[in-house]
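Here are some friendly notes to read with the model open beside you. Take the points one at a time and find each residue as you go.

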Amino acid sequence: MSEAAGTITAPLDVIAIGRSSVDLYGQQIGSRLEDVASFAKSVGGCPANIAIGTARLGLRSALLSRVGDEQMGRFVREQLVREGVSVEGLGTDPERLTALVLLSVEAEGVSPMIFYRSDCADMALSEEDVDEAFVASARAVVVTGTHFSRPGPAAAQRKAMRIMKANGGKVVFDIDYRPNLWGLAGHAEGFGRYVRSDRVSSEMRTVLPDCDLIVGTEEEVLIASGETDLPAALKAIRALSQATIVLKRGAMGCIVYDGPISDDLEDGIVGDGFPIEVYNVLGAGDAFMSGFLRGWLGGESLGTAATWANACGAFAVSRLLCSPEYPTFEELRFFLDNGSPHHALRKDEAVNHVHWATTRRGRIPLLMAFACDHRVQFEALARKAGTDVSRINAFKILAVKAAAQVAAGREGYGMLVDERYGREAVFEFARHSFSWLGRPVELPGSRPLRFEFSQDIGSQLVEWPVGHCIKCLCFYHPDDPPELKAEQREKLRALFEAARRVGRELLIEIIAGKHGRLDATTVPRALEELYAMGIRPDWWKLEPQASAAAWADIEATIRRHDPWCRGVVLLGLEAPQDELEAAFAATAQASVVKGFAVGRTIFSHAAEEWFAGRMSDEAAVTDMAARFGKLTEAWLGGRRGRAA
């Protein structure tokens, strides 16, 4: 029983089988589900959560389940892919809907939930869905209690168990007991954890002999054994199985039994515990399982696996959602190495920043953006031509088409587009394949910084698509008067907090040279002051620097304060092509500089001619595409030279 989890070299570490659903979490904490006004959406279901949790911790995971052929099913599939989970075993059911769950946090430890699972897609899982080669490609399979509640999915799980045992892998059983999913409680009793049932116990006892790891709460151990007291339950399971047994005890952590069961329940392996605020208990067990599997399949001791499991469970109970809140391995190590001074772990800014930075969407190692978010400059061009500013909207659509022509669906291309004159351009942007879109929130020219439309910035951001990046220009110089600097820093801090709360990335553009001397120390000093306020944007947009040494100082400042920062993009300030190419060259040794976001150099000529009626739509697109394409070639050429 104490042998390692397996030394098989396989493409996958673990396949989780069973429920895959969409969780809709009530966002009003302390509210009855009847009174919830808005919901946050995430992937849910015990196996789907485990697949995501283990992937975040560095295991090669997969989900064997079904989703519907509709928007929620596609959301589940796409999110799993974003998380690095294999979806080879995730079927699409053309006849059934993806399961939904509505949940709320009514009080500490009280979370009403309603399962919408009548004839749902994942419960139609059958033996035909279980491909032998796919299961054999993994080191372990996780079967879950709910999918033994009906003959079809039960047969599918038993087939997967047989294949895994035949190929020398490990079978993990998450008891995952939800009485109302066995028809033992009403629809309103989704949060109920225990109803005694001989039928359920009889079914689960047949699973136990073929398991290598069995994990459950006290109530789940009782139902799996059919006993009514815990010592007898553990001994009954041991009589049927030589598996390692993990008893989850909520805030008390867990006990691991790897041999005979004594009369003393404490006579087992106990991992380190983490006393933290209990904010939401839902999904904590799946986070726990993810942490345990990371240790168990990684060849760690059972004590270490238990510690990692307890820590992952602590993350989950301290945050609102399920899978989105689970830690990455980098985050877990940061927490274990540094601890937290906060009883409410969700309020620890350092830990939360590692979580954000290691779970945000995708890598963007290159960003070449056509900046078309100017407002004042376009108004001036329109007035100069004697035309109405309403025509700016149409021109910005042409700018998007020009950028799309250059990007041609390739990675590394993006745009900056505003709300005031670019709303239709944003819709046009969505019709093409780009890597990134930034949208400005600053009131043009404001100093001290003010937001456009409303100073209640959070209420604006919640309406944005999740993939849109906030961009904010601030005219900030480290030698500005202290009162001005303090006001601007507070404004940027408020924006940073709002961005994190609504889950949108943030780019801060700093222009220092317009209001003071720009030397090699100016921008590093400005960044130091903003980092001191706890402002850690995903991106910086900065002015060209005169030397490679200046860029080295900027890079050192960013790496020192935020090694997870996505990087820097250069701004253009209407510089001519040759000056921009020289500015590009100065960044050649600065790996933190990922690209550029340039506008007027690209669009000024076409805009002036188009507004004046001297250039057609097609010619404007061609002109801007040529200029943008030339800049991208200059950037890529410089990087190819560096690589050579």
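1. Is Cys 312 buried or exposed? Cys 312 counts as buried, because its relative accessibility is 1%, and the cut-off for that label is under 20%. Please keep in mind throughout that this is a predicted model.

2. Let us stay with the cysteines. Which cysteine sulfur is closest to that of Cys 312? The answer is the one in Cys 254, but the two sulfurs are 11 Å apart, so they are too far from each other for a bond. A disulfide would need the sulfur atoms within 2.5 Å, and a search of the whole structure finds zero disulfides.

3. Next, the aromatic rings. The structure holds 18 aromatic pairs. In one of them, Tyr 531 and Trp 540, the ring centres are 5.6 Å apart and the planes meet at 75 degrees, so this pair is edge-to-face; the label applies to angles over 60 degrees. Both Tyr 531 and Trp 540 are buried.

4. A second pair to look at is Phe 584 with Trp 635. How are these two rings arranged? Their centres lie 5.0 Å apart and their planes stand at 85 degrees, so they are edge-to-face. This pair links distant parts of the chain, since Phe 584 is in helix H19 (residues 577-586) and Trp 635 is in helix H21 (residues 617-643), 51 residues apart. Phe 584 counts as buried because its relative accessibility is 4%, and Trp 635 is buried with a relative accessible area of 1%. Both rings belong to one aromatic cluster, together with Phe 370, Tyr 413, Phe 596 and Phe 628.

5. The charged end of Arg 346 is placed over the ring of Tyr 279, at 3.8 Å from the ring's centre. Arg 294 lies over the face of Phe 329, and here the distance to the ring centre is 4.1 Å.

6. Now try His 147, in the loop between strand S8 (138-144) and helix H4 (151-166). His 147 counts as buried because its relative accessibility is 0%. Which residues does His 147 touch, leaving aside neighbours within four places in sequence? Its contacts include Gly 18, Arg 19, Arg 117, Asp 122 and Met 123, and also Pro 153 and Gln 157.

7. Ser 42 is buried, because its relative accessible area is 2%. Beyond its neighbours within four places in sequence, Ser 42 is in contact with residues including Ser 21, Asp 23, Phe 75 and Leu 321.

Key
Residues numbered from 1 in each chain as written. Predicted model: local features only at pLDDT ≥ 70, side-chain atom pairs only at ≥ 80, totals over all residues. Heavy atoms only, no water. Phe/Tyr/Trp six-rings, centres within 6.5 Å; stacked < 30°, edge-to-face > 60°. Buried < 20%, exposed > 50% of the residue type's maximum accessible area, 1.4 Å probe, protein only. Helix = DSSP H or I, 4+ residues; strand = E, 2+ residues; numbered from the N terminus. Lys NZ or Arg CZ within 6 Å of the ring centre and 35° of its normal. Contact = heavy atoms within 4.5 Å.
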